[in-house]
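Biologist: I am new to this structure and would like to go through it with you. Could you take me through its helices and a few individual residues?

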Amino acid sequence: MKNSHSESYAAAGVDVTAGYEAVNRIKPLVESTYIPGVIGTLGGFGGLFAPNLEGIRKPVLVSGTDGVGTKLKLAFVLDKHDTVGIDCVAMCVNDIVCSGAAPLFFLDYLAVGKNMPERVESIVSGVVEGCRQAGCALIGGETAEMPGFYPADEYDLAGFSVGIADQENMLDGSTMQEGDLLVGLGSSGVHSNGFSLVRKVLGEDAKTLNTHVAELGCTLGEELLKPTHIYVKAIRCLLKHGVHIRAISHITGGGLYENVPRMMKPCLTARIETASFPVPPIFDLIAKQGKIDSRDMYNTFNMGVGLVIAIPRDEIGNAKNFLCRAGERAYIIGSVVKGDEGVVLV
């Protein structure tokens, strides 16, 4: 690439040499995520991964894709870019682990108005941290400089992950029974959903975001930019120790009302007691300032529960013990009952 330079392309707003500098900056970060199975390094036309299929009788690849959404607007205002990559990874790997799959690798797509190598490095450092937390490898990606499409100081970030599971052990809710208990794993805050409403209610100017809020214990911007919690290692821990997981739901956009029914077996309903888990102060602030009723809050945000797991009643003690050892805040938030509602909040 030593001879690669185009004055005409640069005059149009695309600096290919900045792209090469960005790659050189992120290469050691990316390589730090490599796990057994990664083949080669950055620079090829495709990311290569050779999965270890030992002990897997019927391998199934499970994939998930997502982006960070309008939470990025707050990163632009605060000029803080090293955590949104964690959100990007989390939104993908938390989805695929609901099937019982172990994430293998991740690829990102970063579209920028202007390629600023230091900023690209900061963004990718978050992606790298997310991959480390999920135990998967970042094996490739794409940075596209798109002047005129994005403002010079803005960008969009998306990605996808691929994991693997044994078809015989996949989690699909088919073994769910009346009387099973529901365990909620605590969220780190708003995560990466509902930010169009958050921004409308709380504002997105620098003065507002840099205001210290006593009940939050930090500035509003610091609270809202807390990265999405990654639950992969906790779920892998339960599976490793033989805990029988019936089904899992990742609580994203649509909140508990939309996501919990996705894991439910027909003719069974999740009965969730909202008083059984703590609601972080940020949600009370959003509800109060936006005059949003409880139904809409639970139908938009995770409200403090990022993952819901259905587990047989007689295994609940074991499950909570392992989750606690994995560093999770686990709450018994309800049970599985007869009914066709999918979910009922009481």
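Biologist: Which residues are buried in H5?
Modeller: This is a predicted model. In H5, the buried residues are Pro117, Arg119, Val120, Ile123, Val124, Gly126, Val127, Val128, Gly130, Cys131 and Ala134.

Biologist: What span should H5 have, and how far apart are its end C-alpha atoms?
Modeller: H5 covers residues 117-134, which is 18 residues.

Biologist: Which residues meet where H2 and H5 touch?
Modeller: From H2 there are Ala18, Glu21, Ala22, Arg25, Ile26, Leu29 and Val30. They meet Pro117, Glu118, Val120, Glu121, Val124, Ser125 and Val128 of H5. Sorted by class, this contact of H2 with H5 has nine nonpolar residues, one polar and four charged.

Biologist: Let us turn to another pair. How do H6 and H11 pack?
Modeller: Helix H6 (residues 195-202) and helix H11 (residues 281-290) pack at about 60°, with 9 Å between their axes. H6 and H11 are therefore oblique to each other. Their crossing is left-handed.

Biologist: Which residues of H6 and H11 meet?
Modeller: Val198, Val201 and Leu202 of H6 meet Ile282, Leu285, Ile286, Gln289 and Gly290 of H11. By class, that contact of H6 with H11 holds six nonpolar and two polar residues, with no charged ones.

Biologist: Which residues of H11 are buried, then?
Modeller: In H11 the buried residues are Ile282, Phe283, Leu285, Ile286 and Ala287. What covers them includes H6, helix H8 (220-224) and H12. H11 is followed by Lys291, which has a positive phi near 55°.

Biologist: On the subject of phi, what about Asp79?
Modeller: Asp79 is not a glycine, yet its phi is positive, at about 50°. Asp79 lies in the loop between helix H3 (72-78) and H4.

Biologist: Is Asp79 buried or exposed?
Modeller: Asp79 has a relative accessible area of 52%. Exposed means over 50%, so Asp79 is exposed.

Biologist: And what is the phi of Met303?
Modeller: Met303, also a residue other than glycine, has a positive phi near 60°. Its place is the loop between helix H12 (294-298) and strand E12 (305-311). Met303 counts as buried, because its relative accessibility is 5%.

Biologist: One last residue. Where is Thr219, and what does Thr219 touch?
Modeller: Thr219 is in strand E9 (residues 218-219). With a relative accessibility of 15%, Thr219 counts as buried. Leaving out residues up to four places away in sequence, Thr219 touches Leu209, Asn210, Thr211, His212 and Val213.

Key: Residues numbered from 1 in each chain as written. Predicted model: local features only at pLDDT ≥ 70, side-chain atom pairs only at ≥ 80, totals over all residues. Heavy atoms only, no water. Helix = DSSP H or I, 4+ residues; strand = E, 2+ residues; numbered from the N terminus. Expected span 1.5 Å × (residues − 1). Buried < 20%, exposed > 50% of the residue type's maximum accessible area, 1.4 Å probe, protein only. Contact = heavy atoms within 4.5 Å. Nonpolar A, V, L, I, M, F, W, Y, C, P; charged D, E, K, R; others polar. Axes fitted to C-alpha atoms, helices over the stretch in contact; angles between N-to-C directions. Parallel < 35°, antiparallel > 145°, perpendicular 65-115°, else oblique. Left-handed = near helix turned anticlockwise from the far one by under 90°.
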